[in-house]
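Here's a quick briefing to keep open beside the model. Have a look at the structure, then work through the points below.

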Amino acid sequence: MKGNYWAYKNSELKYTIYEPFNVGEDVCIGDGTKIGSYCELQNGVIIGKNCSIHAYVYIPSNVIIMDDVFIGARVTFTNDKYPPSDNWKDCPPTIVNNSVAIGAGSIILPNLIIGNNATIGAGSLVTKNIPPNQMWYGSPARFIKRILNENFSCDTGI
Ligand SMILES: CC(C)(COP(=O)(O)OP(=O)(O)OC[C@H]1O[C@@H](n2cnc3c(N)ncnc32)[C@H](O)[C@@H]1OP(=O)(O)O)[C@@H](O)C(=O)NCCC(=O)NCCS
């Protein structure tokens, strides 16, 4: 997929993306993933299987989303801590591990790792790595509690 896409809902694809949206080059989207309208996925973004990404989500380059991730409306990822610069190209990616849920309107600062099965409350400003199985929220987001759920798969990031 390359370029600006409008009205693109193709039954041959195994994922669904609603119009209008903007997808860069070399974007990978896993089977079963649904992406709401007005989302931007920049060059090289990787999104795993069975994710649910709501409307107006912004995902710049250097962000990797694993499987079964929920991203509420108007969530904004970032990739350049001291803009404007090209330094982000040399920085580690932001990684959102399996089964994470990110509440609507949250902002995720660059180069962070969100652990498996973490929950981020609505409207949070995430400035630090979040370990697996924890709930964080607020601005800046703080640890709230552990999530008691043993049904998570292996962690790829932390
Ligand atoms: C994070 C969340 C799951 C917490 O739910 P909960 O554990 O039931 O929390 P409660 O509603 O009992 O609230 C507990 C306290 O945290 C506060 N709080 C809850 N969510 C908060 C948030 N996102 N940011 C800041 N404070 C929050 C409440 O005001 C309350 O404060 P108090 O103790 O001073 O009264 C939920 O509030 C949330 O943000 N869900 C995401 C919703 C969303 O974006 N959905 C997207 C699909 S539409």
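Let's start with Asn-133, which sits in the loop between β18 (125-126) and β19; strands here are DSSP runs (E, at least two residues), numbered from the N terminus. This is a predicted model: local features need pLDDT of at least 70, side-chain atom pairs count only at pLDDT 80 or more, and totals for chains, interfaces and linings use all residues. Residues are numbered from 1 along each chain as its sequence is written.

- Most residues other than glycine have a negative phi, and most peptide bonds are trans.
- Asn-133 has a positive phi, near 60°.
- Asn-133 is partly exposed because it has 19 other C-beta atoms within 10 Å (20 or more would be buried, 12 or fewer exposed, with C-beta atoms placed from the backbone).
- Asp-68 also has phi near 60°, and its place is the loop between β10 and β11 (70-71).
- Asp-68 counts as buried because it has 22 C-beta neighbours inside 10 Å.
- Glu-19 and Pro-20 are joined by a cis peptide bond, with omega about -20°.
- Another cis peptide bond links Ser-139 to Pro-140, with omega about -5°; Pro-140 is in the loop between β19 (134-137) and β20 (142-146).

**Confidence**
- pLDDT, the predictor's confidence in each residue from 0 to 100, averages 88 over the protein chain, and 85% of the residues score at least 70.

**Contacts of Val-69**
- Beyond its neighbours within four places in sequence, Val-69 contacts Gly-48, Cys-51, Val-96, Ser-99 and Val-100 (contact means C-beta atoms, placed from the backbone, within 7 Å).

Key:
Two residues are in contact if their C-beta atoms, placed from the backbone, lie within 7 Å. Helices (H or I, at least four residues) and strands (E, at least two) are DSSP runs, numbered from the N terminus.
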